[in-house]
Amino acid sequence: MPDMDGNIRGGAVSIEDRSTELVHVSRNLVGQMTKPAQTAMQPLFYHFDQFTIDVRQRALFNNGELVPLSAKLFSLLLVFLGSQGVELSKEALMEAVWPDSRVEMSNLTQSVFLLRRLLGHKSDGRRLIITIPGKGYLFTGVVKAEYTHE
């Protein structure tokens, strides 16, 4: 891991170190995407399959029709979309979506189940959110971020 000067020191990185990194990345993704004021570097919209996410309005659209989502489901979806195809540990997702709460892992499992049900499958029949056994989840959709409103 780099030290404060950006130099990389010898030694192995433990799984715990990597998990902590994922927690920080996930928390930063949710924090950046849930603030009302957006900066030029943060997407205003995400597009994948037939879905569009309006980040400022915190709204999900399926072929132009509004899909109702709870605040936690929306936050979880934003973390998945911002992960850019990187596997996310269950712990990182829990910390990102429920940072100041003590909740059971079953809350995450249920939330992923609900998102899967809302999003359905890709055109080739595969799930958009897959389980990595014993580790976490991976969003498999091709995501296009839009930074300006056209």
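This is a predicted model: local features need pLDDT of at least 70, side-chain atom pairs count only at pLDDT 80 or more; totals for chains, interfaces and linings use all residues.
Visitor: What is the strand order of the open sheet of five strands?
Guide: Strands are DSSP runs (E, at least two residues) and helices likewise (H or I, at least four), numbered from the N terminus. Two strands pair if DSSP finds at least two bridges between them. Pairing in this sheet is antiparallel, and the order is β4-β3-β2-β1-β8.

Visitor: Which strands stand at the edges?
Guide: An edge strand here has a single partner, so one side of it is left without a neighbour in the sheet. The two are β4 (65-67) and β8 (144-146).

Visitor: Which residue in β2 is the bridge partner of Tyr46?
Guide: Strand β1 (residues 45-48) and strand β2 (residues 51-54) run antiparallel and are joined by four bridges. In β2, the partner of Tyr46 is Ile53.

Visitor: Is Glu91 buried, partly exposed or exposed?
Guide: Glu91 belongs to helix α3 (residues 90-97). Buried means under 20% relative accessible area, exposed over 50%, and partly exposed in between (1.4 Å probe, protein chains only). The relative accessible area of Glu91 is 44%, so the residue is partly exposed.

Visitor: Why does the pair of Phe48 and Phe51 count as stacked?
Guide: Rings of Phe, Tyr and Trp (its six-membered ring) pair if their centres lie within 6.5 Å; planes under 30 degrees apart count as stacked, over 60 as edge-to-face and the rest as tilted. Both Phe48 and Phe51 are buried. Their ring centres are 5.2 Å apart and the angle between their planes is 25 degrees, so the pair is stacked.

Visitor: How many residues apart in sequence are the parts tied together by Phe80 and Tyr137?
Guide: Phe80 and Tyr137 form an edge-to-face pair, 6.5 Å centre to centre with 90 degrees between the planes. Phe80 is buried at 1% relative accessible area, and Tyr137 is buried at 5%. Phe80 lies in helix α2 (residues 71-82) and Tyr137 in strand β7 (residues 136-139), so the parts tied together are 57 residues apart.

Visitor: Which residues form the one aromatic cluster?
Guide: The structure holds four aromatic pairs. The cluster consists of Phe48, Phe51, Phe80, Tyr137 and Phe139.

Note on methods: Residues are numbered from 1 along each chain as its sequence is written. Side-chain values use heavy atoms; hydrogens and water are left out.
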